[in-house]
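Visitor: I'd like to learn how to read some features of a protein model. Could you walk me through them?

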Amino acid sequence: MSDSEDSSSVSSSSSDEEITVAPPSKKQRVASAPLEIAPSVQSTDQQRKSSQASKQKIIILLDQARLETVKNRKGLFELLNCDDHRDLCKKKLKRDPKEFRPDIAHQELLALIDSPLNKSGSLQVYFRTNKNVLVEVNPSIRIPRTYKRFSGLMVQLLHKMKIKAGNTSTTLMKVIKGPFSQHLPPGARVYGMSCQGTLYSPNGLATALIPDEQTSDSPPVVFVIGAMAAGHITVEDHPYIEKMISVSEYPLSGAAAIS
């Protein structure tokens, strides 16, 4: 091998050594900046008391919830649904089984009651069934996680007209006299939610309707949200609605729109 070839091979190997960079160790890849400590929060009771005194209420009506009872072969009442009573819906009721979706109301109630808005004491929830049964929900209730337990709770509510806590006399749910308009506070601003409504940014909508500086004199804001499998909230059904609004250009489930 010639001297020129030796020098070229040496130079290429030296250049390779210069280019090679050792990968960073795990310690180097870890961010050194400390995590920001979240501010301390008040207890639930303290939050609700201060919120009720200084903030406006957000009122939610879940409308057209498919909550109907039916007696099974054992003589026990169950919540009518498309999975367990498909033949009954088709043959006896002559209805599309897809209409009977009580799980939609279950999902929406879970999203609302578990929300920080409710835990801070700023939320009041009502729901109205397709049979025009209006129900008031206590903010301190814990909605059952499983549909089976939720179904049993709704059967008890529709038959006894109220649900009480096991260890206390606190009423967690109760059937109230309609129409819903008579339970609206004076000056309340009511908005219906539908994919056919005027599209708004969720953050912009929240800022416009619920300003940062709130007082006890601020009028409550009411949202009417559908709890049915198909259809829309309409002004014809709720003449007190000021405007129909939407938070997405795509059709969303009720639970997704609430979240």
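Visitor: Is C195 buried, exposed or partly exposed, and what do those words mean?

Guide: Buried means under 20% relative accessible area, exposed over 50%, and partly exposed in between (1.4 Å probe, protein chains only). C195 comes out at 41%, so C195 is partly exposed, while C82, at 11%, is buried. Keep in mind that this is a predicted model: local features need pLDDT of at least 70, side-chain atom pairs count only at pLDDT 80 or more, and totals for chains, interfaces and linings use all residues. Residues are numbered from 1 along each chain as its sequence is written, and side-chain values use heavy atoms, leaving out hydrogens and water.

Visitor: How many disulfides turn up in the whole structure?

Guide: A disulfide is a covalent bond between the sulfur atoms of two cysteines. The search looks for cysteine sulfur atoms within 2.5 Å, and it finds 0 here.

Visitor: And how many aromatic pairs are there?

Guide: Rings of Phe, Tyr and Trp (its six-membered ring) pair if their centres lie within 6.5 Å; planes under 30 degrees apart are stacked, over 60 edge-to-face, the rest tilted. The whole structure has 3 such pairs. Y126 and F180 have ring centres 5.4 Å apart and planes at 70°, so they're edge-to-face. Both of these residues are buried.

Visitor: Which kind of pair do F180 and Y240 make?

Guide: Their centres are 6.1 Å apart with planes at 55°, so that pair is tilted. Y240 is partly exposed at 22%, whereas F180 is buried at 4%. Ring pairs join Y126, F180 and Y240 into a cluster.
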